[in-house]
Amino acid sequence: MNLALRMLDRTGLLAVIVVFWAIFVVFADGFLNRVTIFGLSRTVAVTAVIGLSQMVVLGIGQMNLAVGAIGGMIGVFTGWLMQSVGLPVWAAVIVALLFAAFVGWVNGIIITKTGINSFIVTLGMASVITGLVFILTKAEAFRDLPDAYTSFGKVPWVELGWLELSPLIFIAVAIAIVMALVYKRTTFGRWMLATGANPRAAELSGVPVNFVVQATHALSGLLAGAAGIMIVSRLGSALPSIGENWLLPSFAAPIVGGTLLSGGAVAVFGTLLGALLIESVSVGLTLMNVPSFWIQLFIGLVLLLAVLIDRARTVAVARGQRGVRQTPAGATSG
Amino acid sequence: MSTTLEAPPQTYALELRGIRKAFPGVQALDGVDLVMRPGEIHALVGENGAGKSTLLKIITGIYRPDEGTLEVDGQSRAFGSPRDSLHAGIGIVHQERNLIPKFSVAENITLEQPPVRNGQWIDRDRMRTESERWLDLLQIPIDPERSVEDLSVAQRQLVEIAKALSLESRILLLDEPTASLTPHETAVLFEILQRLRDDGVAILFVSHKLEEIFAICDRVTVLRDGKVAALDRDLRELDRDQLVTLMIGRSEHVAEFPQRDLSEAPVVLELRDVTSAAGPTDIDLALHKGEILGLYGLVGAGRTELARTIIGDVPMTSGEILVDGQSAIISDARAALERYRIGYVSENRQTEGLILSHSVLANVAMTVWSRLATWLGWIQPGAERSAVGPFIDRLQVKTPSLEQQVGNLSGGNQQKVSLSKWLAAQTAILIVDEPTVGIDVKTKHELHELIWELANQGLSILLISSDMPEMVQLADRIVVMVDRRVAGSLPNNRNYDDMSQQIMSLIHRRADPPDTPA
């Protein structure tokens with residue numbers, strides 16, 4: 001995808017965020033106070049990681065409808081590991097993340113072995129996972145979690161006057177930086193984009209497409225699990241209902257951010273901005289006493305708008321290609 | 001009825017004047033004229049990137065011109081969409097497939113004007129009979145109920161032509177209609193075109209095959225770099241060389257390659273009794289080091305399927321493949337590349353060879369990522385560029401930068417990118433499938449010289465081509481495939497007439513009447 005178009009997306013998105021912030025600063029009482037900003041830094045962090053977990057599969061031209069189910073399961077699993085098994089926090093997190101990656105990898109295996117569309121495979125898996133979680137936990141939450149873990153999501157890290165930020169946002173940014181490097185500088189990142197843009201051409205050029213699909217789904221599971229672990233530390237308890245409402249933001253953040261729905265192009269930092277936009281709108285409208293149904297509706301509209309933009313982008317990319325097939329060779333070289 | 005030719009000469013069936021169209025950074029058409037009379041077959045020729053496709057897209061309402069006028073039967077028109085153009089009586093057979101794969105042949109043929117009864121109910125019986133009529137006319141033995149996705153490329157092409165004919169347009173545009181047709185199918189098509197011409201249809205024929213232009217067209221318009229190099233000339237007044245000179249702006253240079261005998265060179269790739277799930281049966285083949293081994297056959301003979309079997313893309317059901325004398329198990333394209341250094345340049349450049357939405361750099365580097373990777377798959381900044389750059393330069397790919405999206409390059413340059421990828425991969429064996437289909441004359445020669453040079457430097461090449469002159473010019477030895485089997489192997493003496501006769505007699509001996517339509 002062409003750089004100018006992408007820059008335009010990025011600056012356009014920033015402009016939209018600035019406009020919304022300006023509106024909220026003026027009309028929503030207490031938008032710019034320390035509690036709101038701190039709260040925002042926590043929710044944006046989780047939404048951003050959820051968005052990234054969807055973005056990686058969008059990048060290979062597929063989707064993962066089980067991000068919420070995996071995130072919820074891993075949240076509960078982490079709670080269980082800490083409370084019932086008694087693992088130390090670091091060990092519980094590592095085990096939970098490995099399990100999250102494993103579940104995502106199972107999605108990938110089913111998709112590559114059967115050739116069934118990722119949409120239906122992950123839809124089915126989501127239902128299976130959520131069902132299992134409720135059966136095994138009997139819908140009970142794990143509430144007796146170590147302090148070291150829950151304070152991480154509750155106590156600010158950075159305190160600069162009125163600006164307080166949660167450590168969670170730093171984790172989200174760190175993950176985004178790693179992801180950006182993976183796409184920019186590693187073989188695997190390139191494999192993912194090649195697979196997403198044209199799996200057949202990628203395969204014939206020696207890209208191990210099946211492995212890439214499996215590994216990408218594992219990565220998606222890993223990131224969804226990370227979001228689950230983050231949200232449990234924020235809430236202070238591992239509720240089985242975590243993840244139920246992740247689906248919309250998981251698509252909205254990357255798509256608003258400039259990830260192509262058709263695959264082959266991702267926007268890592270755009271996804272962060274997308275999450276920032278969605279959560280700002282939701283917090284701002286809440287502060288303006290807009291009923292929650294309206295907020296739901298509004299977020300839906302933002303997503304639809306983003307999809308329209310995605311469509312325009314795809315058309316622009318395609319038109320670029322068409323326009324060009326007949327481009328005089330001499331002119332392109334000049 | 002030749003009387004239509006005596007109609008008032010000023011009324012053109014189609015008349016375009018001063019058409020200009022720019023795309024970001026490129027003036028694709030710069031004041032182009034085109035005139036067509038009823039009852040003539042008009043050739044539109046030019047190199048890739050000359051502006052032919054853009055012009056066709058303006059005539060069919062896909063693009064709007066920036067400037068210029070378009071008249072149909074003397075009436076000024078402005079098309080806002082392909083439907084407008086269709087309603088004005090203009091039909092087109094696109095170079096790119098425009099059929100709906102999941103629909104049946106009949107549904108596709110009658111897509112624009114489905115027969116209805118009682119108001120809006122689709123009349124399936126009439127749909128069938130109407131499509132049958134057009135299929136019969138073209139002598140295409142295909143059941144109209146079959147789904148298009150089950151058809152071969154050639155069959156799809158024929159269905160596409162049937163679809164265009166069914167609209168009974170007064171103006172018919174054909175963009176490379178014979179690209180995937182056998183000589184027999186082409187002959188049938190030409191007969192029909194001549195009949196349509198006699199009925200007063202104005203036909204625009206776009207092709208790279210100059211032999212066909214001279215065989216069937218009456219007049220010609222030549223485009224070069226978005227401008228008209230020759231407008232509405234009588235083809236009887238031109239010979240091939242003059243036409244080529246008009247197209248490329250100078251006279252053609254055909255390289256003559258010497259005869260070579262490489263039977264003493266070591267065998268790098270050997271097939272023993274290979275049978276593939278995709279069709280090829282009991283194939284025996286030996287490719288020597290530095291040799292160009294031609295694989296000739298009609299469309300459907302199984303050559304591409306054989307290539308796919310060699311690179312492990314389709315499974316081999318029996319037989320043995322040896323690379324450098326060692327038995328090789330090639331499970332997929334990745335193994336072919338990484339373990340056996342075999343590359344495959346696909347005939348479907350745009351769908352299988354390239355990632356059009358990605359950069360030139362990403363496309364060429366695709367095959368070397370694994371090799372460049374260090375710890376954890378990390379690729380050093382600049383490593384791709386230095387691995388890929390020399391090959392882009394060597395092939396003289398015309399691109400403003402390595403970051404340019406490949407979809408933005410002309411067809412010839414796209415093919416060069418597709419080849420560069422395998423050169424960068426430093427393959428020892430390269431299977432090149434129809435390397436010059438849809439490529440202009442100049443780039444074609446460049447590619448031929450490149451292939452020859454590579455072979456001289458020790459690359460062993462399996463060349464699949466349906467272009468007989470290309471085959472005779474390049475190959476050291478020609479293996480002829482008929483009906484998924486090897487019919488024979490001929491040393492190439494570079495005498496075109498002799499070789500084409502030998503090849504044809506092999507084809508006909510094996511598959512006796514190959515062209516009796518059902």
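This is a predicted model: local features need pLDDT of at least 70, side-chain atom pairs count only at pLDDT 80 or more; totals for chains, interfaces and linings use all residues.
On the α11(A) side they are P249(A), A252(A), A253(A), P254(A), V256(A) and G257(A), and on the α12(A) side G270(A), T271(A), L273(A), G274(A), A275(A), L277(A) and I278(A). Sorted by class, this contact has nine nonpolar residues, four polar ones and no charged ones. Helix α11(A) covers residues 247-257, and its axis comes within 7 Å of that of α12(A), with a crossing of roughly 120 degrees. That angle makes α11(A) oblique to α12(A). The crossing of this pair is right-handed.

Now stay with α12(A), residues 268-287, and look at α2(A), residues 34-59: the axes of these two come within 8 Å and cross at roughly 135 degrees. The two helices are therefore oblique to each other, and α2(A) passes α12(A) in a right-handed crossing. From α2(A), the contact takes in T36(A), G39(A), L40(A), T43(A), V44(A), T47(A), A48(A), G51(A), L52(A) and M55(A). From α12(A), it takes in T271(A), L272(A), G274(A), A275(A), L276(A), I278(A), E279(A), S280(A) and V283(A). By class that comes to 10 nonpolar residues, eight polar and one charged.

A further helix pair in chain A is α3(A), residues 67-85, with α5(A), residues 118-137. Their axes come within 8 Å and cross at roughly 25 degrees, and α3(A) and α5(A) are therefore roughly parallel to each other. The crossing of α3(A) and α5(A) is left-handed. Here G68(A), A69(A), I70(A), G72(A), M73(A) and V76(A) of α3(A) face A126(A), I129(A), T130(A), V133(A) and T137(A) of α5(A) in the contact. Seven of these residues are nonpolar, four are polar and none is charged.

| Helix pair | Axes come within | Crossing angle |
|---|---|---|
| α11(A) and α12(A) | 7 Å | roughly 120 degrees |
| α2(A) and α12(A) | 8 Å | roughly 135 degrees |
| α3(A) and α5(A) | 8 Å | roughly 25 degrees |

On to chain B and its strands. Strand β10(B), residues 202-206, has five of its five residues buried, so it is largely enclosed by the rest of the structure. A202(B), L204(B) and V206(B) point one way from the strand, while I203(B) and F205(B) point the other way. Strand β3(B), residues 41-45, pairs with β10(B) in the parallel sense over four bridges, and L44(B) has V206(B) as its bridge partner. Strand β9(B) also runs parallel to β10(B), joined by five bridges, with D175(B) standing opposite V206(B).

Strand β9(B), residues 171-175, has a parallel link to β6(B) as well, made of four bridges. In that pairing V93(B) stands opposite L174(B). Strand β6(B), residues 90-93, is covered on both faces: I90(B) and I92(B) are buried on one side, G91(B) and V93(B) on the other.

Chain B also holds an open sheet of four strands in the order β14-β13-β16-β17, with antiparallel pairing. Strands β14(B) (283-288) and β17(B) (326-327) stand at its edges with a single partner strand each, so one side of each has no neighbour in the sheet. Five bridges pair β13(B), residues 267-276, with β14(B), and V267(B) has H288(B) as its bridge partner.

Is L322(B) buried, exposed or partly exposed? With 15 C-beta neighbours inside 10 Å, L322(B) counts as partly exposed, because buried would take 20 or more and exposed 12 or fewer. Beyond its neighbours within four places in sequence, L322(B) is in contact with E270(B), S327(B) and A328(B).

Finally, helix α9(B) lies across β13(B), β14(B) and β16(B), running at about 110 degrees to β13(B). This helix, residues 303-310, is mostly covered, with seven of its eight residues buried. The buried ones are R303(B), T304(B), L306(B), A307(B), R308(B), T309(B) and I310(B). Just after α9(B), G312(B) takes a positive phi of about 80 degrees.

Notes:
Residues are numbered from 1 along each chain as its sequence is written. Chains are lettered from A and ligands numbered from 1 in the order in which they are written. Two strands pair if DSSP finds at least two bridges between them. Axes are lines fitted to C-alpha atoms, for helices over the stretch in contact, and angles run from 0 to 180 degrees between N-to-C directions. Angles under 35 degrees count as roughly parallel, over 145 as roughly antiparallel, 65 to 115 as roughly perpendicular and the rest as oblique. A crossing is left-handed if the near helix is turned anticlockwise from the far one by less than a right angle, and right-handed if clockwise. Two residues are in contact if their C-beta atoms, placed from the backbone, lie within 7 Å. Ala, Val, Leu, Ile, Met, Phe, Trp, Tyr, Cys and Pro count as nonpolar, Asp, Glu, Lys and Arg as charged, and the others, Gly among them, as polar.
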